[in-house]
Amino acid sequence: MTNARFLRHSLPLMMTLVPCMTHAMSLDEAWQAAQKYAPELNQAKLDVRISESGKKINRGALLPSLSAGSSIDWQEREGNSHGYHVTLKQSIWDSRSWTALDQAKADVVKAQLEQNQVRNDLADKLITAYLDLASAQGDLHLAQQKLAEGNKLLKITRQRYKAGKVKSIDVEEMLANQLNEKSAILQAKILLAEKQAAFSSLISASPAESFPEQQKTEPVDEVDTQLVNPPLLPVNTEAQWLKLAKNHSPALLVASQQLRLQQLEKTQAKNGYYPSLEGHVSYQDNDNLPHGEMNAGISLSLPLDLNGATRAKVEQAGLKILRAREAVRQVEINLTKDIRRQFAQLALNQEQVAITRELVAHQTRVLQSKETLFNAGLSEASDVIEAHNALFTARNDLKSNLYQYWRQQAGLLLTAGLLDDQSIAAISKAFNS
């Protein structure tokens, strides 16, 4: 008898969960796909390669250069003459070339930091789209489950009406409630299609692949509402988060590197005052010479800032340094503000999850009591409907609070510069098919 009652009450729920039993894309799998296809990340990788090429070009200015040539001359009296020459040049000292190499190296570092920043921003976009899709998918499943449970109540009410234990108005109330639940399912499907479109655009190679014809949408994992102990955070206090952010925040690291580049620009401007020294060795031979000739020499170039252009460049570079320092300070202010806000919100979200989890347990007991009273003829159908809706509202609130909690955690990790593969894999464990 107990097994029969269990099957009778569990069958509607099992039927609603059948679509979820198929393979669902995990957050970690979605992240790998997004990194593969994201044009902004590919552009950032190319920027790194471009900056590395610039470093090679500037290093070449410090290495010896070799040139060779040949010539044929014709003169009316002397006739034709053939000649060739080879010249080797080497910069002995040129502070501008050395500073240019330092600038190129700093450009490489900045491009790498910007690539990390782009990757972090992409991870944030993907997690937001993934959670939005999973939430919409969960809303649809919950609405379908609610409809199935409502159908069960409607069947019981009709049986009691035929037995003369309830009034026809009770049946009508149940029918009206079912129509509302069917409408909620349609709204959930519309929202699901919208979120799926946004998510597909991040994990597909091209827009055409985002919406292939006659291909069913692959579901994603949904938040585990039974997970009581979420994955541990790297640190637990606000001060520790602030310290991590100052050491790892992509925005702060990029701003600091930009300051370094401006300082090198000022150094390069000052190099306009300094001399440069170059040596060369050449060999030439032609038909007019009895034998080849070799030449060697050293040239010294001493710039004179008569028009004040170098001084103006130094002053301009100094102003750019001041501006870059203010930019770093602005990033630090925003970073501190964001970390404090997100840390406080994360703690509040965690409390909300605990409260709504207790509320679900309470509403479950209330619904069970209302159903018992209704079956005994001691309450109205409207009481059961109210308790039924209250339970599913509490379940939806719990799910929404859990998704908000993971959004806040991802945002905190993003701000601190820790939204990497390891963090995403840890968050992925909080979701299941």
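## V109 and the model it sits in

V109 has 36% relative accessibility, so V109 counts as partly exposed (buried means under 20% relative accessible area, exposed over 50%, and partly exposed in between, with a 1.4 Å probe and protein chains only). You'll find V109 in helix α4; helices here are DSSP runs (H or I, at least four residues), strands are E runs of at least two, and both are numbered from the N terminus. V109 and S51 are 58 residues apart in sequence, yet the C-alpha to C-alpha distance is 8.8 Å.

A quick note on the ground rules: this is a predicted model, where local features need pLDDT of at least 70 and side-chain atom pairs count only at pLDDT 80 or more, while totals for chains, interfaces and linings use all residues. Residues are numbered from 1 along each chain as its sequence is written, and side-chain values use heavy atoms, with hydrogens and water left out.

## Aromatic pairs around Y130

There are six aromatic pairs in the structure. Rings of Phe, Tyr and Trp (its six-membered ring) pair if their centres lie within 6.5 Å; planes under 30 degrees apart are stacked, over 60 edge-to-face, and the rest tilted. Take Y130 and F199: the ring centres are 5.8 Å apart and the planes sit at 70 degrees, so this pair is edge-to-face. Y130 is in helix α4 (residues 95–162) and F199 in helix α5 (residues 168–203), so the pair ties together parts 69 residues apart in sequence. Y130 and F199 are both buried.

Y130 also pairs edge-to-face with F431, at 6.2 Å centre to centre and 90 degrees between the planes. Ring pairs join Y130, F199, Y403, Y405, W406 and F431 into a cluster.

## A charge over a ring

R395 lies over the face of F392, 4.9 Å from the ring centre. For this label, NZ of Lys or CZ of Arg has to be within 6 Å of the ring centre and within 35 degrees of the ring normal.

## A nonpolar patch on the surface

L66, Y84, V86, L88, V281 and M294 make up a nonpolar surface patch, with about 570 Å² of accessible area together (Shrake-Rupley method, 1.4 Å probe; for residues, only the protein chains shown count as cover). Patch residues have over 30% relative accessible area and no salt bridge; like charges are joined within 9 Å, nonpolar side chains (Val, Leu, Ile, Met, Phe, Trp, Tyr) within 5 Å. A salt bridge is a side-chain nitrogen of Lys or Arg within 4 Å of a carboxyl oxygen of Asp or Glu.

Strand β2 (residues 79–93) supplies the largest share of the patch, three residues. L88 is located in strand β2, and at 40% relative accessibility L88 counts as partly exposed.
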